[in-house]
Amino acid sequence: MTKIEEYVWFLLEKCGFEVKYFKEHSFLDRSNTFYFQFPFLEFVTDFALSSAKIIVEVDGSYWHNGVQKTHDILRDQKIRQQGWKILRIPEARLSPDLGTH
């Protein structure tokens, strides 16, 4: 887990959500539980709230690479076709100093 993912975990908990590592037999209908490293289709997402069909993706500087950006656009289309919403957050917008939490 990266520092920025740890920070997102912290923020989600601060907002009242439960956050857990996804395990193969996780109980998915908990209304306020985000799962970290949630497998969806052939992908692994950063965080997912299955009860609301919301995926949160944290994009690092690599995301601006043309190949990665194209891959993620196609990936997002497949996920959205399943009725899920995706929130992509650029890493730089989360916190200028990760040590402040």
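Biologist: Which residues of α1 are buried?

Modeller: In this model, which is predicted, the buried residues of helix α1 are Ile4, Glu5, Tyr7, Val8, Trp9 and Leu12.

Biologist: How far apart are the end C-alpha atoms of α1, and what span should its twelve residues have?

Modeller: Helix α1 covers residues 3-14, and at 1.5 Å a residue its twelve residues should span 16 Å; the end C-alpha atoms are 16 Å apart, which agrees. Just after α1 comes Gly16, which takes a positive phi of about 95°.

Biologist: Stepping back, how many helices and strands are there?

Modeller: The protein chain has three helices and five strands, and read from the N terminus the elements follow the order α-β-β-β-β-α-β-α. The chain has 101 residues, of which 38% count as buried. Its accessible surface comes to about 6400 Å², with 55% of that belonging to carbon and sulfur atoms.

Biologist: In what order do the five strands sit in the sheet?

Modeller: They form an open sheet in the order β1-β2-β3-β4-β5, and the pairing is mixed. The edge strands are β1, residues 18-21, and β5, each of which pairs on one side only. Neighbouring strands of this sheet are turned by 35° against each other on average, with direction ignored.

Biologist: Mixed how? Which way do β1 and β2 run, parallel or antiparallel?

Modeller: Strands β1 and β2 run parallel and are joined by four bridges; within that part of the sheet, Tyr21 has Phe36 in β2 as its bridge partner. Strands β2 and β3, by contrast, run antiparallel and are joined by five bridges, with Phe40 standing opposite Phe43 in β3. Strands β3 and β4 also run antiparallel, joined by three bridges, and there Ala48 stands opposite Ile55 in β4.

Biologist: How many residues sit between the strands in the hairpin of β2 and β3?

Modeller: There are two residues between the strands of that hairpin, where Leu41 takes a positive phi near 55°.

Biologist: Is β2 mostly covered or mostly open?

Modeller: Strand β2 is mostly covered, since six of its eight residues are buried.

Biologist: Which strands does α2 lie across?

Modeller: Helix α2 lies across β2 (33-40), β3, β4 and β5, and it runs at about 150° to β5.

Biologist: Changing topic to charges: how many salt bridges does the count come to?

Modeller: The count comes to six salt bridges. One of them joins Glu57 and Arg75, whose closest N and O atoms are 3.5 Å apart. That pair links distant parts of the chain, with Glu57 in strand β4 (residues 54-59) and Arg75 in helix α2 (residues 66-81), 18 residues apart. Glu57 is buried, and Arg75 is buried too.

Biologist: What about Arg88 and Asp59, how do their side chains meet?

Modeller: The side chains of Arg88 and Asp59 meet in a salt bridge with an N to O distance of 2.5 Å. Arg88 lies in strand β5 (residues 85-90) and Asp59 in strand β4, so this pair ties together parts that are 29 residues apart in sequence. Both Arg88 and Asp59 are buried.

Biologist: And which element holds Asp72, the residue paired with Arg88?

Modeller: Asp72 and Arg88 meet through their side chains in a salt bridge of 3.8 Å, N to O. Asp72 lies in helix α2 while Arg88 lies in strand β5, so the pair ties together parts that are 16 residues apart in sequence. Both Asp72 and Arg88 are buried, and salt bridges that share partners join Asp59, Asp72, Asp76 and Arg88 into one network.

Biologist: Last one, Glu91: where does Glu91 lie, and which residues does Glu91 touch?

Modeller: Glu91 lies in helix α3, residues 91-94. Leaving aside residues up to four places away in sequence, Glu91 touches Ile4, Val58, Asp59 and Gly60.

Biologist: Why is Glu91 called partly exposed?

Modeller: Glu91 counts as partly exposed because its relative accessible area is 36%, and that class lies between the buried cut-off of under 20% and the exposed cut-off of over 50%. The C-alpha atoms of Glu91 and Glu57 are separated by 9.4 Å, although the two residues are 34 residues apart along the chain.

Conventions. Residues are numbered from 1 along each chain as its sequence is written. This is a predicted model: local features need pLDDT of at least 70, side-chain atom pairs count only at pLDDT 80 or more; totals for chains, interfaces and linings use all residues. Side-chain values use heavy atoms; hydrogens and water are left out. Buried means under 20% relative accessible area, exposed over 50%, partly exposed in between (1.4 Å probe, protein chains only). Accessible areas come from the Shrake-Rupley method with a 1.4 Å probe; for residues, only the protein chains shown count as cover. Contact means heavy atoms within 4.5 Å. A salt bridge is a side-chain nitrogen of Lys or Arg within 4 Å of a carboxyl oxygen of Asp or Glu. Two strands pair if DSSP finds at least two bridges between them. Axes are lines fitted to C-alpha atoms, for helices over the stretch in contact, and angles run from 0 to 180 degrees between N-to-C directions. The expected span of a helix is 1.5 Å times one less than its number of residues.
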